[in-house]
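Q: I would like to learn how to read aromatic contacts in a protein model. Could you walk me through some cases?

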Amino acid sequence: MVVKLLGGIGLFLTGMVLLTDGLKAFSGDALRRALLQFTGTPFKAFTSGTLLTLLVQSSAATTITLIGFVSAGLLSFPQAVGVVMGASLGTTGTGWLISLLGLKVSLGLYTMPLIGIGALMKLLARGRVRALGMALSGFGIMFVGIDFMQQGMQTLSEHFSLRAMDMDGLGIRLATMLIGMVVTVMMQSSTAVVAMTLTALSTGTVSFEQGAVLVIGAAIGTTMTGVLAAIGGSVLAKRTALAHVLFNLSTGLLALLLLPAFMAALGWAQHYLGLQPGAVSLVAFHTLFIGVGVCLFLPFAAPFAHLIERLLPSRPDTLVNLLDESQLQVPEVALDTTHKALERISREMFDLLASAAQCPLRDDGQALVLEEHKIKKLKQALRQVRDFFARIPVDEESAYLMPRRLDQMHAIDHLVRLQSRLKLPEQLCDIGVNPQATEGAAIARQVLEEARRAVEDPAVAHAEAEAMAGQTARLLELRQQVRLAVLRESAGGHRDSFDAMKVMDVMRWLERVAYHSWRVCHSLSGGTTPEPEQADLD
C-alpha cells in the first residue's frame with residue numbers, strides 16, 4: 001500500500017514536471033508574447049493567466065514566470081494582479097481532466113505508448129520536437145501515477161478511513177485545511193494534492209466535505225512557491241507574490257466560512273443540472289469558490305493593487321534594480337532585464353564621458369576629474385550585470401536566444417573597456433593647441449550624444465549606429481595623422497617627447513571612447529555583426 005501510494009505520488013509529480021517543462025519549451029517565446037500582448041485590462045490579464053495556466057498545467061509556473069515579467073518591467077503590477085487571479089482559476093483544469101477521465105478509466109495502461117513515443121522523441125528528435133516528446137511522456141506518467149495512487153488508496157481505505165470523522169466545527173475544518181496547506185508546500189504542487197484528494201474521495205478514504213477542505217488548503221498552500229521565488233527579489237516580485245497570497249488566502253477562508261452554502265449549491269446542481277457526485281462535484285467546488293473570489297476581486301483589481309503598493313513601497317531606483325533571481329527561470333525575461341540594465345549603465349557612462357570630452361577646467365584652473373562615487377557606482381552595477389548574465393541558463397531549448405546573448409556579450413565587453421576610460425588622460429583640456437585634436441574632441445562628443453540618443457530611443461538606434469560608424473572611422477584617421485605629426489615634431493626637436501606622448505594618449509582616449517560607445521550601441525540595437533578589424537581593440 002505504502003509503496004504504491006508513494007510511488008504513485010512520485011510518478012504524478014514527475015509527470016507534472018515533465019509536462020510543464022515540455023510545454024513551456026515547446027511553446028518557446030509564444031506564451032511570453034501572448035501574456036505580454038493580452039494584458040491591457042484586468043479582464044484581459046485574467047483571461048491570459050487562465051489560458052496560460054491551462055496550457056502549462058501549473059499555476060506555480062505561471063506565477064514564477066509572472067514574477068519575472070513584473071520585476072523586469074515587462075508587465076505593470078495592476079496587470080499582474082489579473083494574471084494571478086487567472087492562474088488560480090486555470091489550475092483547476094487538471095482536476096477536471098483527472099475527475100472526468102483519470103478516475104473513471106484506467107488510463108495508465110493506455111498512456112504507456114505515449115510515454116514510449118515521447119521518450120523516443122526526446123532522445124532522437126531535435127529542437128521543439130524534443131520538448132513535445134518530454135511533454136507527452138509527462139502526460140502519460142501522470143496517469144500511470146494516478147493508477148498507482150488509486151490502488152494504494154483502495155488498500156488504505158480497507159484499513160483506515162477519515163469518513164467517520166465529524167467535520168462540524170470551525171476548529172476541525174481549520175486543522176484539515178492546514179494539513180492540505182502543509183502537504184502542498186512539501187510537494188510544491190497544489191495539483192498533486194488535488195489529485196490525491198480526488199483519488200482518496202473516489203476510494204472512500206475521505207468524505208466529500210473533508211476533500212473540499214483539503215482542496216481549500218491546497219489552493220492556499222500553492223502560493224508558497226511564489227513566496228519562495230520572491231525571497232530576496234525586487235519589490236515588484238514581492239508585491240506579485242503578496243497579491244497571490246492575499247487573493248488565494250481570502251478566497252480560501254471565504255470558501256471555508258461559506259462551506260455549507262457551497263455544499264447546498266452543489267446539491268442543487270446535482271439534483272437539477274445533473275452534476276455528477278463525487279470527484280466531479282469536488283472539482284466543481286474548487287472551480288466555484290475560486291470563481292467567486294475572482295468575481296469579488298477582479299472589479300477592484302486596481303484598488304487591490306494600490307493597497308499592496310502601499311504595503312510594500314518602492315525602493316530608490318538604481319541602475320540594476322530590475323535584476324531579480326526569479327527571472328533566471330525564464331531566460332528570455334532575464335535577457336530582457338540585462339538588456340535594460342545595460343542601457344541604463346550605458347546612458348550613465350556616456351554622460352560622464354561626454355562631460356569629460358567637453359574639456360572644461362575647474363574654477364581653480366585644474367583639469368576635470370570625474371566624480372569618484374559615480375565611477376564606483378558604474379563599476380559595481382556593471383559587475384552585478386556580468387554576474388547575473390553569467391547565471392542565465394543555457395540549454396538546447398533556448399538555443400534561439402543565442403544571437404541576443406552574443407549581442408549582450410559584445411555590449412558588456414565594450415562597456416568594460418569604456419569603464420577603463422573613466423580615468424582621464426593628462427592634457428585632455430589642452431587639446432586646443434592642435435586643430436586636429438580639437439576636431440577629434442568634437443567628433444567624440446557628437447558620437448557620445450548620438451550614443452545617448454540611441455540607447456534612449458530604440459527606433460533611431462540603427463540609424464545612429466550607422467552614423468557613429470562613419471564618425472569613428474574619421475576619428476581613427478585623425479588619431480593616426482596626429483600621431484605621425486607629433487612624432488615627427490618630437491624627432492625634429494620641435495616638441496618635447498613627454499608632451500608628444502601625452503597628446504597621443506589624448507587622441508587615443510578620444511578615439512577609443514568613440515569606438516567603444518559606437519559598438520555598445522550597435523550591440524544593444526541587435527546588430528550581431530563581427531567586430532571590425534582594427535589594430536587596437538582595448
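Q: Let's begin with a single side chain: is Phe289 buried or exposed?

A: Happy to start there, and keep in mind that this is a predicted model. The general idea is that a residue counts as buried when its relative accessible area is under 20%. Phe289 has a relative accessibility of 2%, so Phe289 is buried. Phe285 is buried too, at 0%.

Q: How are the rings of Phe285 and Phe289 arranged as an aromatic pair?

A: The structure holds seven aromatic pairs. In one of them, Phe285 and Phe289 have centres 5.1 Å apart and planes at 45 degrees, a tilted pair. Along helix H16 (residues 279-297) these two are four residues apart, so about one helical turn separates them.

Q: Which kind of pair do Tyr515 and Trp518 form?

A: Here the angle decides: planes over 60 degrees apart count as edge-to-face. Tyr515 and Trp518 have their planes at 75 degrees and their ring centres 5.8 Å apart, so this pair is edge-to-face. Both residues are buried, and they lie three residues apart in helix H23 (residues 497-524), about one turn of the helix.

Q: What sits over the ring of Trp518?

A: For this feature, look for a charged group within 6 Å of the ring centre and within 35 degrees of the ring normal. The charged end of Arg519 is placed over the Trp518 ring, 4.8 Å from its centre.

Q: Which residues form an aromatic cluster?

A: Phe247, Phe297 and Phe304 make up one such cluster.

Methods: Residues are numbered from 1 along each chain as its sequence is written. This is a predicted model: local features need pLDDT of at least 70, side-chain atom pairs count only at pLDDT 80 or more; totals for chains, interfaces and linings use all residues. Side-chain values use heavy atoms; hydrogens and water are left out. Rings of Phe, Tyr and Trp (its six-membered ring) pair if their centres lie within 6.5 Å; planes under 30 degrees apart count as stacked, over 60 as edge-to-face and the rest as tilted. Buried means under 20% relative accessible area, exposed over 50%, partly exposed in between (1.4 Å probe, protein chains only).
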